[in-house]
Amino acid sequence: MSVARDKELRLALVCYGGISLAVYMHGITKEIWRLSCASQAARDAEPPADGSQGVYRALLDEIRETSGIQLRVLVDILSGASAGGINAVYLAQAISRGQSLEPLTDLWLHNADVVQLLDPKQAPTHRLSKFWAIPIAWMAMGRGKSIQKTVEPGAQEEVRRKMEHFVRSRWFEPPFGGRRLLDMLVDAFQAMETGPQGKRLLPPGQPLDLFVTVTDFRGHPERLRLNSPPEVIETEHRLVFGFTDQGHGENVLADPVELSFAARATSSFPGAFPPATIGEVDAMVADRKLHWPERDRFLEHVLPRQWADHAAEKAVLIDGSVLANAPFGPAVEALRERPARRQVDRRFVYIDPTPNTRFDFYSNTPESPGFFQTILGALSELPREQPIRDNLEAIAERSDRIERMLTIVSQIRAEVETQVEALFGYTLFLDYPTPKRLAAWRRRSQVAAASRAGYGHTAYGLLKIDGAIDRMASLLHNVGDQAGGDRLRLIREALRGTIRKRGASEFGANLSNGASPATLDFLRAHDLGFRIRRMRLLARRLTELDSEYQRAELTPMRDAIYDSLAVYLECRRADHFSGLREMVRRLRAGDDAGELVDDMGLIMDLARLDAETDQRLSEGFSALSREARRPILLEYLGFPFFDIATLPMLHGENMNEYDPIRVDRIAPEDAGSIRAGGAEATLKGIQFNSFGAFFSRAYRENDYLWGRLHGAERMIDIVLSTLPHGNRLPPARVSEIKRSLFLAILDEEEARLTAVPGLFAELRSEIG
């Protein structure tokens with residue numbers, strides 16, 4: 001019987017802003033959560049659930065039976081702005097704590113309403129307040145035509161009434177209540193806490209990272225280095241609130257108060273909500289008699305500059321999408337610390353509810369935009385829409401470099417294998433690969449690669465030293481939790497000065513083994529990147545051999561490789577070095593960083609990890625036939641040759657993953673199995689410049705249901721795209737799976753969504 005090969009589909013989810021389309025995005029994130037639950041249940045061999053979750057489970061079982069791949073789907077990185085930030089926060093909490101997103105649905109449908117959100121101080125005091133504004137509301141609604149076309153007949157009066165109520169509220173102050181929103185967010189966390197509880201949706205030790213973008217209205221100073229003058233001060237307004245659940249023991253993502261504040265701050269849409277402040281949170285905590293023991297630690301972490309200036313309480317925070325509506329950057333950065341115990345298919349999935357919709361600031365005439373159009377466009381649209389191209393191009397460039405590197409490895413493999421066989425002779429494959437022999441063979445191969453690289457080895461060695469210093473500096477910077485480029489540069493310069501003073505960065509052909517003894521000692525204690533790259537390339541080679549050998553035969557070797565890779569990757573995590581925090585904070589310019597360097601080496605103890613790796617690999621090699629052992633052993637011993645040739649392409653140690661990243665989008669335009677036409681044909685909340693769903697429960701129910709349907713379709717597409725081309729399901733079978741999933745969702749939601757009964761009949765007819 002063939003053994004299923006483990007594979008992970010890891011999703012880094014990026015959630016855009018969308019104002020009232022937050023309800024639509026809730027439907028999408030709910031499907032991602034349900035797929036994650038089904039995947040974990042399959043992994044733990046639990047009985048299949050009912051409904052849509054059962055359809056996902058059946059799909060994963062079918063993939064295992066037809067392709068031999070045991071696929072696990074998990075979300076380990078989330079990043080969001082504005083309405084997307086809210087959804088990212090709650091999905092992260094559900095993943096981290098094993099809580100359900102179900103309680104949120106009723107809260108979304110009830111609370112995301114203009115009447116619920118309106119600040120009582122801003123509401124009309126009686127029915128005649130600003131009666132003259134009713135014609136303005138009537139004009140804003142297109143003389144009622146947009147309501148007649150887009151709202152269910154039974155809800156049209158509701159939208160008219162709420163629009164008039166909204167327009168007659170006080171002007172020139174945000175109409176929605178910031179404290180009301182904050183209370184609703186806290187209520188949502190409490191509903192999740194008291195709702196159904198399950199398991200954490202990530203493996204033990206797998207970190208979960210959440211990033212929420214926020215705009216610092218007043219800004220904070222940052223130093224920039226120039227040639228002349230030596231430095232200048234620039235005001236920075238971008239903030240990223242970062243939260244991490246390391247996946248150990250009782251570790252949690254964050255206090256719900258902190259997560260609520262992040263959600264409140266990122267969604268402070270200018271003009272609609274007042275800015276978020278610490279005072280607002282403090283008042284809420286006091287009024288509700290909540291406990292917030294880590295308040296000061298949290299403020300120092302998310303507002304470091306303001307905290308250092310004793311001004312955190314004065315911070316004025318507005319919508320995160322003003323400057324970063326597509327927050328890819330923090331999510332990409334988080335990839336550096338991902339553990340891996342099996343083959344990984346890494347995806348960036350971004351949710352864009354209205355990819356082809358622009359705010360209606362521009363007319364269809366060829367004339368240049370007027371004064372107000374230009375101002376509003378500059379403030380509200382241009383900064384939000386531009387950054388994604390740069391981010392996607394950066395991801396594509398990274399993946400292209402990896403692909404080129406793998407191509408080079410493939411093309412020079414025959415020559416490297418020839419070099420290794422000449423070095424050891426054919427008896428290499430007859431000897432039993434004991435741990436002692438593996439260590440000796442490895443050292444001999446590294447010396448040979450260095451000597452045959454000539455002067456190129458010096459450049460390679462210096463690149464490794466710089467990579468190790470950069471990794472150590474970045475890690476210590478995170479441990480110290482003192483934000484700012486100046487602090488990172490100080491740590492890096494201290495490390496570099498110490499290593500140079502110790503003579504630990506000397507290479508040359510005139511030196512024994514190509515490097516000074518101090519340099520070799522430093523690399524043995526700190527060259528983590530070399531070990532990680534070696535394990536990743538070995539894992540890649542093993543995957544290439546899957547079709548040539550029995551999967552059961554390769555399983556012990558695969559386990560040995562990924563178990564070893566996991567322990568090395570643990571050494572890249574900041575919490576591994578938390579005991580050095582105070583020492584890092586005391587470091588000043590010109591200080592010797594020798595104690596930090598030595599303590600980092602002791603904490604990692606790479607000599608011990610290397611010995612344990614040799615033992616695992618020895619057992620893995622011993623389980624292989626002589627024919628299967630040969631290409632894997634040649635890859636292992638040939639790694640120094642491969643690394644010298646390819647490390648410059650990877651820009652040093654900072655890129656130690658050998659798997660390209662693929663990007664997928666979830667948007668109405670991408671999910672046309674039921675209805676073509678994108679957002680215009682399916683969503684109601686796009687009305688009134690994406691504020692529409694605040695005015696009608698029917699709007700919200702419509703968008704939430706379409707969110708589930710669109711999310712379901714795209715998750716099926718993404719899951720199936722992980723399969724090798726020879727194992728893809730026939731199109732007819734894919735359509736059948738999607739149909740079953742769509743009908744399961746309708747069955748689950750029909751009793752709850754009573755404001756759109758006609759929609760269910762339409763959808764059942766269209767699905768067939």
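A polar contact is taken here as a pair of N or O atoms within 3.5 Å, one able to donate a hydrogen and the other to accept it. In the predicted model, such a contact is made by T29, whose side chain reaches the backbone oxygen of H26 at 3.0 Å. T29 is part of helix α1, which spans residues 22-43. With a relative accessible area of 2%, T29 falls under the 20% cut-off and is therefore buried. Beyond residues up to four places away in sequence, T29 touches L13, N87, L91, L101 and I351.

Strand β1 comprises residues 5-15, and ten of its eleven residues are buried, so the strand is largely enclosed by the rest of the structure. Pairing of β1 with strand β2 (residues 69-80) is parallel and extends over eleven bridges. Within this pairing, L9 has V73 of β2 as its bridge partner. Strand β6 (residues 343-351) also pairs with β1 in the parallel sense, here over nine bridges. The bridge partner of E8 in β6 is V344.

Helix α18 covers residues 435-453 and includes P435. The relative accessibility of P435 is 24%, which lies between the limits of 20% and 50%, and the residue therefore counts as partly exposed. When neighbours within four places in sequence are left aside, the contacts of P435 are with D614, Q615 and S618.

Helix α19, formed by residues 456-480, contains 25 residues. The distance from its first C-alpha to its last is 36 Å, close to the 36 Å expected at 1.5 Å a residue. The residue that follows α19 is D481, with a positive phi near 55 degrees.

Taken as a whole, the protein chain has 768 residues, of which 57% are buried. Its secondary structure consists of 32 helices and seven strands. Among contacts with a separation of 6 or more, 79% are accounted for by residues 24 or more positions apart. The accessible surface of the protein chain is about 31,900 Å², and carbon and sulfur atoms contribute 53% of this area.

Terms used. Residues are numbered from 1 along each chain as its sequence is written. This is a predicted model: local features need pLDDT of at least 70, side-chain atom pairs count only at pLDDT 80 or more; totals for chains, interfaces and linings use all residues. Side-chain values use heavy atoms; hydrogens and water are left out. Helices (H or I, at least four residues) and strands (E, at least two) are DSSP runs, numbered from the N terminus. Buried means under 20% relative accessible area, exposed over 50%, partly exposed in between (1.4 Å probe, protein chains only). Contact means heavy atoms within 4.5 Å. The expected span of a helix is 1.5 Å times one less than its number of residues. Two strands pair if DSSP finds at least two bridges between them. Accessible areas come from the Shrake-Rupley method with a 1.4 Å probe; for residues, only the protein chains shown count as cover.
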